[in-house]
Amino acid sequence: MGEHLSKGAMTDGQGQTLDFATFPGHRLVLDAADPLPLDCGESLSGVTIAYQTYGRLNAERSNAILLCHALTGDHYVADEHPVTGKPGWWADLVGPGRIFDTDRYFLICSNVLGGCMGTTGPADINPATGRPWGLAFPVITIGDMVRAQVRLIDHLGIEKLFCVVGGSMGGMQALEWASRYPERVFAAAPIATAARHSAQNIAFAEVGRQAILTDPDFHEGDYALHGTKPDRGLAVARMAAHITYLSEAALHRKFGRNLQGRERFTYGFGADFQVQSYLRHQGSTFVDRFDANSYLYITRAMDYFDLAADHGGQLAQAFQGTPVRFCVISFTSDWLFPTAESRAVVHALNAVAANVSFVEIESDKGHDAFLLDEPEFHATLQGFLDGAADHRGLPRQTDRHGLPRQTDRHGLPREKDAP
Amino acid sequence: MTPADLRRDAIRVDLQLIADMIDPGARVLDVGCGQGILLDHLNHFKQVDGRGIELSMAGVRAAVAQGLSVIQGDADTDLKDYPDGAFDYVVLSQTLQATRNPRLVLRELLRIGRRAIVSFPNFGYWRVRSHLLLRGRMPVTKTLTYQWYDTPNIHFCTIADFTDLCREEGVRVERSMSLTADGRVSHGASGLLANWLSEQAVFLLRRD
């Protein structure tokens, strides 16, 4: 009972406290006697991990895929989102006969450490004070997020994941998993990501954080105690970040210089342009589902990520002798995690003669392309997973005639096989 | 055989010659692998640990979508990333003539592979010679389909030229095969006659 009340700082758009206990999915509370050590030197005890699963774990426990969500994602990969009511971020890719075939694989996704959708984060109650952690929450890293996921995988009795897949920050987690726990990962697909947050990435993250930190409603992170929320700062952070997820071409195609519900300029600072109105909407809806402190902590975790630095400056050292099969995917118009970053990962993997595929997908949709309908991306991911699953000895699903089930280029079942 | 097996079995003769040179279970890197036809064949019939590099993204996407381990990369610039002796065989099929620095590429092949298999169109083939001799124009044949101004093939050589390069580089020719236009295969591609009659050649090389 106390668990969901401890998330008192998270409220929905109408100011109602979110009741995580009523949300779909599962929760694991880690043994308080075995605290989770963190890279910063501190540790967290009694961590809660909110997670969702799809499909069934096979008897050999060899068919588990860990899906890692991005900065503002959560574990509702294919569920209707309990706050926004929108479909999950990869809903189209999950299901029987789809890329993440729930008849073949057991899918796991957990809300990251520091998150705000049920896993322990800065909005939770600090047991030492009885108040929400706020900025007293220890600074976490991508490595810490993965360490929490390892506890979850242990709890589920899975010795070795079949695959770890993630885009953007989720891709960082996939790289971290493959680097730190190579014996526990058969395959990894880091998508639209990098082995480090670049100076430009850190710069954009800093703009977002400053918008939050300087919001008068922020109250040094203790906004819950003051009965306020730094919604303006968080909305600006989201607006700035959202621009980095798109491309000039995508923005132009979507909005151009079109005016919003008016014939001519108002010669003021209102939302004359459609693109303004769009961004404002993105900002204002985001604050209903995301906690400002979580945003600070998670962007910081991304800033600190630098796999090469953890290995004496040699990225290849992060993968020395790796048995993991990799598929690295980037998108041509992604300027937040450009192809050059993926190529650096591929070069490092080549240097250790790792088994790696690398594809740059042509898309003008920017960084967000990994969440959108990109048939070539989906065909690539499907081919990689199918090939890896064959090597892992996971049986292919067959249709009612005993033939391999046919899927279309999106990985969706062809009509004749549809139930 | 299933239809997929038949498709896999029916590869080009020059690719079949290469496949025949590779031991089962070997570690193979196919440089310039295209859509991965040879890799797919080798995976299926020789159970190799196969990887590919391909310059064209369309080729890479097609290969990876079939479950092959292929990266986008360039033979001239990206071989240097691989460690010494990482593969049992490094294959360069019909790609040597399109590299900027064939000598360096050959060295790299034999650095990262215990053996290299190189196939190339023979510019000493009599039809090619006669095309230039009689018509006075750059040869365009069944295997050399490009016009001079749009060809990716920038470093043609004859079988004799290639044999010379191997000698200069201290590379031992373990086996060589030559292939005529009608698909006839002869063992040994070293003689004068082979240089006249062969449209293509396949060399199995190792460092002395």
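This is a predicted model: local features need pLDDT of at least 70, side-chain atom pairs count only at pLDDT 80 or more; totals for chains, interfaces and linings use all residues.
How many aromatic pairs does a search of the whole structure find over all chains? The search finds 26 of them.

**Stop 1: aromatic rings in chain A**

Select Trp89(A) and Trp90(A). Their rings form a tilted pair, with 5.2 Å between centres and 35° between planes. Trp89(A) and Trp90(A) are both buried.

Next, select Phe255(A) and Tyr278(A). This aromatic pair is also classed as tilted, at 4.7 Å centre to centre and 45° between the planes. Phe255(A) sits in the loop between α6 and α7 of chain A, while Tyr278(A) belongs to helix α7, so the pair links distant parts of the chain, 23 residues apart. Phe255(A) is buried, as is Tyr278(A).

**Stop 2: charges over rings**

Select Arg238(A) with Phe286(A). Arg238(A) lies over the ring face of Phe286(A), 4.6 Å from the ring centre. For a case in chain B, select Arg129(B) and Trp196(B). Here the charged end of Arg129(B) is placed over the Trp196(B) ring, at 3.8 Å from its centre.

**Stop 3: salt bridges**

Over all chains, the structure contains 32 salt bridges. Start with Asp154(A) and Arg184(A), which form one of them, with 2.7 Å between the closest N and O atoms. Asp154(A) is in helix α2 (residues 142–155), and Arg184(A) is in the loop between α3 (169–180) and β12 (185–191), 30 residues apart in chain A. Arg184(A) counts as buried because its relative accessibility is 10%, under the 20% cut-off.

Move to Asp303(A) and Arg209(A), whose side chains meet in a salt bridge at 2.6 Å, N to O. Asp303(A) lies in helix α8 (residues 292–304) and Arg209(A) in helix α4 (residues 199–213), so that the bridge links parts of chain A that are 94 residues apart. Both Asp303(A) and Arg209(A) are buried.

Then select Arg262(A) and Asp272(A). The closest N and O atoms of this salt bridge are 2.7 Å apart. Both residues lie in the loop between α6 (248–254) and α7 (274–286) of chain A, so the pair ties together parts ten residues apart in sequence. Arg262(A) is partly exposed, with a relative accessible area of 30%, whereas Asp272(A) is buried at 5%.

To see bridges that share partners, select Glu206(A), Arg209(A), Arg300(A) and Asp303(A): their salt bridges join them into one network.

**Stop 4: cysteines**

How many disulfides does the structure hold over all chains? It holds zero. Select Cys327(A), which is in no disulfide; the nearest cysteine sulfur belongs to Cys163(A), 8.7 Å away. Cys327(A) counts as buried, because its relative accessibility is 0%.

Cys157(B) is buried, with a relative accessible area of 14%.

Conventions. Residues are numbered from 1 along each chain as its sequence is written. Chains are lettered from A and ligands numbered from 1 in the order in which they are written. Side-chain values use heavy atoms; hydrogens and water are left out. A salt bridge is a side-chain nitrogen of Lys or Arg within 4 Å of a carboxyl oxygen of Asp or Glu. Helices (H or I, at least four residues) and strands (E, at least two) are DSSP runs, numbered from the N terminus. Buried means under 20% relative accessible area, exposed over 50%, partly exposed in between (1.4 Å probe, protein chains only). A disulfide is a pair of cysteine sulfur atoms within 2.5 Å. Rings of Phe, Tyr and Trp (its six-membered ring) pair if their centres lie within 6.5 Å; planes under 30 degrees apart count as stacked, over 60 as edge-to-face and the rest as tilted. A charge sits over a ring if NZ of Lys or CZ of Arg is within 6 Å of the ring centre and within 35 degrees of the ring normal.
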